[in-house]
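Hi,

Here is the structure I promised to pass on.

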Amino acid sequence: MGARTPRPGVPVRGSESGRPVMAALDLLGRRWTMRILWELSQAPAGFRELQRRCERMASSVLSTRLDELTGARLLTLHGDGYHLTPLGQELVEALSPLDAWSRRWARETDTGTAED
């Protein structure tokens, strides 16, 4: 049986406190989670389209992540595919300063481009 979807108030990896920020970091730190959120922030997508956009990640991993993100109320499934919920959109917006910082970091360390 796989790990449970992190939830505020419940102990998660690396924290027994159940603090909401620790639950959020646990969820966001799972493999492919950030990529799925990014892709869906660009446009809704069905399972196969999302799998294609995510470089053909294993269907079992995609299914697990979609279940977790839906359970966390960050995604919802409509007839035309998965969409970010308002809470999911708010999360993507909240990550914008981290994206800006990472671009500055890449420029200053000369290890990447500002466009990555």
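This is a predicted model: local features need pLDDT of at least 70, side-chain atom pairs count only at pLDDT 80 or more; totals for chains, interfaces and linings use all residues.

Let's start in helix H3 (residues 47-53): Arg 53 and Glu 49 sit 4 residues apart there, so about one helical turn separates them. Their side chains meet in a salt bridge at 3.1 Å, N to O (a side-chain nitrogen of Lys or Arg within 4 Å of a carboxyl oxygen of Asp or Glu). Searching the whole structure gives 9 salt bridges.

Residues are numbered from 1 along each chain as its sequence is written, and side-chain values use heavy atoms, leaving out hydrogens and water. Helices (H or I, at least four residues) and strands (E, at least two) are DSSP runs, numbered from the N terminus.

Next, helix packing. H2 (residues 33-42) packs on H4 (residues 59-71) at about 70°, with the axes 10 Å apart (lines fitted to C-alpha atoms over the stretch in contact, angles from 0 to 180 degrees between N-to-C directions). That makes H2 roughly perpendicular to H4 (65 to 115 degrees). Thr 33, Ile 36 and Leu 37 in H2 meet Leu 62, Arg 65, Leu 66 and Leu 69 in H4 (heavy atoms within 4.5 Å).

Finally, strands S1 (residues 75-78) and S2 (residues 81-84) run antiparallel, joined by 4 bridges (pairing takes at least two DSSP bridges). They form a hairpin with 2 residues between them, and His 78 stands opposite Gly 81 in S2.

Cheers

Conventions
Angles under 35 degrees count as roughly parallel, over 145 as roughly antiparallel, 65 to 115 as roughly perpendicular and the rest as oblique.
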